[in-house]
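Morning, everyone. I have one structure to walk you through today.

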Amino acid sequence: MKKDNKESSYEAIGVLSDPISIVAHQMKNPLAILKNYLEILREGRVGEVNPKQKEYLGDSLETVMKMLELVREFLEVSKIEEKCFKIEKEQVDITHIIKDIAKNYSIWARANNSKIIFRSNKNIPPVCTDSVRIRQVIENLISNAIKYKTKKTGIIEIKLERKNNSVLLTCKNNGVSISDNDQSKIFSKFYRSEDAVRIQSSGTGLGLYISRAIIEGSGGKIWFENNEGDGVTFFVSLPVAVHSLGIYRCN
Ligand SMILES: Nc1ncnc2c1ncn2[C@@H]1O[C@H](COP(=O)(O)OP(=O)(O)O)[C@@H](O)[C@H]1O
Ligand SMILES: [Mg+2]
């Protein structure tokens, strides 16, 4: 519930003036309504559906959800560009968020012959970031790791460590490496490497661009390195919340 309220408050922020964001804004509500109706139909809440109908409704629902995601990304990009992308910093239990996301993504990972392994040091302190938007960053890292694997089995290793006044999140996967030519571009808007497009046709190239705005807006850093063998490791460093008088603060 909290998440919905917060997300709708983001929407009210800022003056969206470019044509893409106006269209995206106009599409968001009709798509959300369509998604609800498709869910109701697929669940058989207004009459029995046969397996074929259920399959088609499921496919339609997936398409609508992809469109909603695209619309959300367009709106966020225009907010970043119009400098009204708001990060609401608060203390966040990043361990809990990663566990939750890893659990949610494990089914998709398994369907793609991939495995998510999460290792965390004990007593990771709360970090300062936006509790809703940080999920987006982690979800994008994990979904990229699942999408851009080349081997039969994908291994995604997520680790959390404390480093002085920061918490370092690493997300390492086997799979495609990022060529010298692409290295300076992958955080750019709409950029997708040729290898990425060949392996996985769906994608917008907006995930890392938005992630960088979220992490830098939280006072952190995001970067990557190619692994020694194959694949890539992404690093996200976030400031630890200040601990004083028995409580953690972010401001
Ligand atoms: N784990 C990864 N392995 C290899 N390349 C990656 C990985 N994550 C991101 N990339 C590269 O960075 C690009 C941008 O990522 P992103 O912004 O999330 O866009 P998308 O997921 O839509 O392709 C990808 O298209 C790909 O070229
Ligand atoms: Mg992505």
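Which residues are closest to ligand 1? They are Arg-192, Ser-193, Ala-196, Gly-203 and Gly-207. In total, 21 residues surround the ligand. Two elements give two or more residues each to that shell: helix H5, residues 133-147, and helix H8, residues 207-217. What about the classes in the shell? Eleven residues are nonpolar, nine are polar and one is charged. Keep in mind that this is a predicted model.

Now step back to the whole protein chain. It has eight helices and nine strands. Along the principal axes, the C-alpha atoms fill a box of roughly 55 × 45 × 35 Å. Of the 251 residues, 26% count as buried. Now the contacts with a separation of 6 or more: 69% of them come from residues 24 or more positions apart.

Next, the strands. Look at S4, residues 154-163. On one side of the pairing list is S2, residues 114-120. S2 and S4 are parallel, with seven bridges. One of the bridge pairs is Lys-115 with Ile-155 in S4.

S4 also pairs with S5, residues 166-173. This pair is antiparallel, and eight bridges join the two strands. Here Ile-158 stands opposite Cys-171 in S5. How many residues lie between S4 and S5 in their hairpin? Two. Asn-164 sits in that turn, with a positive phi of about 50 degrees.

That's the tour. Thanks.

Conventions
Residues numbered from 1 in each chain as written. Chains lettered and ligands numbered in written order. Predicted model: local features only at pLDDT ≥ 70, side-chain atom pairs only at ≥ 80, totals over all residues. Pairing = 2+ DSSP bridges. Helix = DSSP H or I, 4+ residues; strand = E, 2+ residues; numbered from the N terminus. Near = placed C-beta within 6 Å. Nonpolar A, V, L, I, M, F, W, Y, C, P; charged D, E, K, R; others polar. Buried ≥ 20, exposed ≤ 12 C-beta atoms within 10 Å, placed from the backbone. Contact = placed C-beta atoms within 7 Å.
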